[in-house]
Amino acid sequence: MSENKTELILEGLNCANCATKIEKNINEISDIDKVSLNFMSKSLKIETKNTENLDNVIRDIKKIVAKYEPDVIVREKIISSSNKKNLILMGLICTSCASKIENKINNLSDVKNAYINFTSQKLALEVYREKDLERVIKKAKEIVNEIEPDVKIIDESKNEKKIEKTDPKNKLKLIRISIGAIIFFISLLSNFSNRIELLLFLTSYILIGGDILVKSFKNILKGQVFDENFLMSIATIGAFSIGESPEGVAVMLFYQIGEFFQDLAVNRSRRSIKSLMDIRPDYANLKVNENIKKVSPEDVNINDDIVIKPGEKVPLDGTVIKGTSLVDTSALTGESVPKKLKPDEKILSGFINKDGVITVKVTKKYKESTVSKILDLVENASGRKAPTEQFITKFSRYYTPVVVVLALLITIIPSLIFGNFNTWLYRALIFLVISCPCALVVSIPLGFFGGIGAASKNGILVKGGNYLEALNNVDISVFDKTGTLTEGNFSVTEINSKISKDELLKYAALAESYSNHPIANSIVKAFNKKIDKSLIKNYKEISGHGIKADIMEKEVLIGNHKLMDEFNISYEKTEDIGTIIYVSIDKEYAGYIVISDKIKKDSYKVVYDLKNEGVRKTIMLTGDNKKVGKKVSNLLKLDKVYSELLPHEKVEKLENILKEKKPNKKLLFVGDGINDAPVLARADIGVAMGGLGSDAAIEAADVVLMTDEPSKLVTAIKIANRTKKIVLQNIFFALSIKAIVLLLGAFGQATMWAAVFADVGVALIAILNSLRVLKTKNI
């Protein structure tokens, strides 16, 4: 980018009308030479007359943006992908530690964003300036080692082998706990003197919980008091101090056993979720002359040839140049029916080759491939936390200190009033054992990430837990017509002409030959002859109306009735059902062409199913004429249709519909993700269809349906409902059990054994319950 060119990012820009006003106002700044605002990518490109006043120009731009969109953040785009780094934190099993690591790294001055995906054990780092990255990574590693010294840090980009195997330290820990448990049960069952019995209990206690005591001591030195190690240490030492030595050892033993099974459950959950998204290719068969070389997909370049054998994953996007085969697309689309591919057809990474050997010419580097983008999107979805997750994160910060304060009050106040200090201290120790919110902190993110993984397996990409949770509250569903509810495969069904039909079709095909719109393609296809573009001059596309061009020395107008009205052409308005394309030659009406589109079979059921899922209103927006809009609406039993809308009018209409939704409910818009980008951005939830192979669709929407089936929307809502139901079950179960045991403990009706169950036992059950979201067979 030259010195007088700058690109800014307008983070949070969601209003298309505001974007137009912002661009217009910026264009009026005296030092601005050229300005371009891309609403879809939220990027603002400016060219200044000189570089001296750039700071003043950016300051003026920020004022203009603040005037129309006060919540939008203006920042300069860093033209580099080298300011990001992913680190794998192998062995990270403590959620509260993960939260502390994330918060500490985010507090570093040079860090733009850092978040930990607890499920995939990935730390995603982003800095403001590339030059600071290595220093920040070093500091981040120090923070991780300080809080979780046993975690192994792996640089994802260096392709280090991530083998999850049992750590020798864990084996030693298991042996130590087992020996401690044996000594504990011997001392319980034998009749030793008090002194020997106490010695045996102390020995077993140190063997079982020695590491917990050491960790709590180290954490106290770091100022970390309210963690589970410290609380468990205080609770069990307190039990020894009041003569309840067996209970002190038992609590530590069952806590350690519970933590062991909890770690197993978390790791099982991680493996289950990762297996849902097991589409990452391990290698590529690179063709070098006549030899085949097995290489990493990252090492393959554009225009290289790769060979894919039966049973292998397709590692990169490309075009088939030799061979035919059936490919399994289910990993990306959720569809079980194989697709046949032959030479000159596109093939996407993530497919699995079924029967034939094919040679593919690579069209995209691995980082830009379909599989890489999808994996990145799904793995980073945890960065956008659902409101329930955010609530639990805040709740956990206050829960532990509150319960500890209650424990202190239970020890002090009743002891002063009623005496019997040991009894009240014992009851307070129960509060300490139960004061860690692990069941919620671990199971809730697992539940949402599992839901995102289950959706991915069904060919639905959800960009965050916030969007997955929002799908539970859809009140109004708005659809685009063409390509969403209809197939988008237009065909010419009638030609009514004042001249010969072939001549009218020729003028129409030449006029439409520069357009990629499905309607234009259908006219060119119907003409079915070679297009001589040298016959076309002064081509101009008039948005929302049609095309004006000079063809064979004649002025041709082709478009809807609005185009005829604009140029004062006297024409015969037809009542035919379909998209009507009027043609005028040298200001004389020449006739019209009727183009029709088929409704998708899948569309007939989607409205009925959405109503069953609680969607109150279904609406269609279309640029087509009222007759076509009404016909489609009646056939699909939609609640309302708005026809003859220009692109900017769709945004305005959507803003009016937003006012109709119920409080705390959501409006969802479904479109193709390319032409509907402003509307997708304006809706509460933007859903793009046909995302397979479409970068624009994946970029524009909050939820991407990888196939062209509207019914996938219903599947997405069902997965969201199932996820929310399981998450709420975990919250209710964990809080109610803890509340019951706290209440019973306060009145002396619960033991520390019950408190251990309410802590680690409940966490284990909640984690296993979260796994149920992965079972989507009946959805």
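Q: What volume does the largest cavity have?
A: About 30 Å³, in what is a predicted model. A volume here is the space filled by probe spheres set on grid points, with points joined across faces, edges and corners.

Q: What is the ground rule for reading these values?
A: Local features need pLDDT of at least 70 and side-chain atom pairs count only at pLDDT 80 or more, while totals for chains, interfaces and linings use all residues of this predicted model. Residues are numbered from 1 along each chain as its sequence is written, and side-chain values use heavy atoms, leaving out hydrogens and water.

Q: What makes that space a cavity?
A: On a 1 Å grid over the protein atoms alone, a cavity is a set of points where a 1.4 Å probe fits but cannot get out, and lining residues have an atom within 4 Å of a point. The search of the whole structure turns up one cavity of 30 Å³ or more. Its lining is Tyr283, Ala284, Asn285, Val307, Ile308, Glu312, Lys313 and Pro315. Strands β9 (284-288) and β11 each supply at least two of the lining residues.

Q: Why is the Lys361 and Asp305 pair called a salt bridge?
A: The term asks for a side-chain nitrogen of Lys or Arg within 4 Å of a carboxyl oxygen of Asp or Glu. Here the closest N and O atoms are 3.0 Å apart, so the pair qualifies. The bridge links distant parts of the chain, 56 residues apart: Lys361 sits in strand β17 (residues 358-362) and Asp305 in strand β11 (residues 305-308).

Q: How many salt bridges does the structure hold?
A: There are 25. Among them, Glu28 and Lys24 meet with N to O at 3.4 Å, and Glu345 pairs with Lys342 at 3.3 Å. Elsewhere, bridges with shared partners tie Asp110, Asp132 and Arg135 into one network.

Q: Why does Lys361 count as partly exposed?
A: Buried means under 20% relative accessible area, exposed over 50%, and partly exposed in between (1.4 Å probe, protein chains only). Lys361 comes in at 29%, so it falls in the middle class. Glu345 at 25% gets that label too, as does Lys342 at 46%. Glu28 and Lys24, by contrast, are both exposed.

Q: Where does α11 bend?
A: At Phe395, by about 25°. That bend is the angle between axes fitted to the seven residues ending there and the seven starting there. Just past the helix, Gly419 takes a positive phi of about 80°.

Q: What do the buried residues of α18 pack against?
A: They pack against β19 (474-480), β26 (617-621), α19 (626-636) and α23 (711-746), where contact means heavy atoms within 4.5 Å. The buried residues in α18 (residues 603-612) are Ser603, Val606, Val607, Asp609 and Leu610. Just after α18, Gly614 has a positive phi of about 95°.

Q: How much of the chain is buried?
A: Of its 779 residues, 51% are buried.

Technical notes: Helix = DSSP H or I, 4+ residues; strand = E, 2+ residues; numbered from the N terminus. 1 Å grid on protein atoms, 1.4 Å probe; cavity = no way out; pocket = protein on both sides within 12 Å on 5 of 7 lines; lining within 4 Å.
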